[in-house]
Amino acid sequence: LTFCCLVLAACSGPDGEEPVDLQPGRYDIQISGGPMSGSSESKSLCFLPDRAKNFADKPLQGILVESTSSCTGDKKREGNAFSGSYSCSFGSGAEFDSMALKVAYDGSLTTDAFSMRGDIEVTGVQGGGRSGFTVTGKRWGDC
């Protein structure tokens, strides 16, 4: 009985669920925190079929900061839980024109909603900082 309870507890979170994809459509997105600020923001984004299907690969694309070809990183998905991190360097390499960005996040999704939390760290010659963020999204209709 104890073993069965432990197995059920381990499989009850998003990482133990059968993987699903977001449905395409318009999502109402709430952002708290973010790049060096404690502000909150709302936005509405249309997720086309390809973006919805591959959401866990680049969950911050169009929402907060996103990785580019100049960034290195990793990502992981287990069931409906996802996580990742990436590091980027920007600028010409000149002493006063370089900046580094590090982002780490984790979250979960269902067919019509997602949530994630993470940290952003910016460093540069002119200063930098670190801040946490949370993002939630809920599908509310077609595009």
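**Notes on the sheet and its disulfides**

1. Let's start with the fold. The sheet is an open one built from 7 strands, running in the order E2-E1-E7-E6-E5-E4-E3, with antiparallel pairing. At the edges sit strand E2 (40–47) and strand E3 (71–78), each of which pairs on one side only. On average, neighbouring strands in this sheet are turned by 20° against each other, if you ignore direction. Keep in mind as you read on that this is a predicted model.

2. Strand E4 (residues 81–91) and strand E5 (residues 98–109) run antiparallel and are joined by 11 bridges.

3. Now the cysteines. How many disulfides does a search of the whole structure find? It turns up 2. As a reminder, a disulfide is a covalent bond between the sulfur atoms of two cysteines. Number the bonded cysteines of the chain in sequence order and the pairing reads 1-4, 2-3.

4. Take the disulfide between cysteine 46 and cysteine 143, where the sulfur atoms are 1.7 Å apart. This pair links distant parts of the chain, 97 residues apart: cysteine 46 belongs to strand E2, while cysteine 143 lies in the segment after strand E7 (129–141). The angle about the S-S bond is 110°, and the link of cysteine 46 and cysteine 143 is right-handed.

5. Is cysteine 143 buried or exposed? Cysteine 143 counts as exposed because its relative accessibility is 54%, and the cut-off for exposed is over 50%.

6. For the link of cysteine 71 and cysteine 88, the angle about the S-S bond is 105° and the hand is right-handed.

7. What about accessibility for cysteine 71 and cysteine 88? Buried means under 20% relative accessible area. Cysteine 71 has 13%, so cysteine 71 is buried. Cysteine 88 counts as buried as well, because its relative accessibility is 3%.

Technical notes:
Residues are numbered from 1 along each chain as its sequence is written. This is a predicted model: local features need pLDDT of at least 70, side-chain atom pairs count only at pLDDT 80 or more; totals for chains, interfaces and linings use all residues. Side-chain values use heavy atoms; hydrogens and water are left out. Two strands pair if DSSP finds at least two bridges between them. Helices (H or I, at least four residues) and strands (E, at least two) are DSSP runs, numbered from the N terminus. Axes are lines fitted to C-alpha atoms, for helices over the stretch in contact, and angles run from 0 to 180 degrees between N-to-C directions. A disulfide is a pair of cysteine sulfur atoms within 2.5 Å. Buried means under 20% relative accessible area, exposed over 50%, partly exposed in between (1.4 Å probe, protein chains only).
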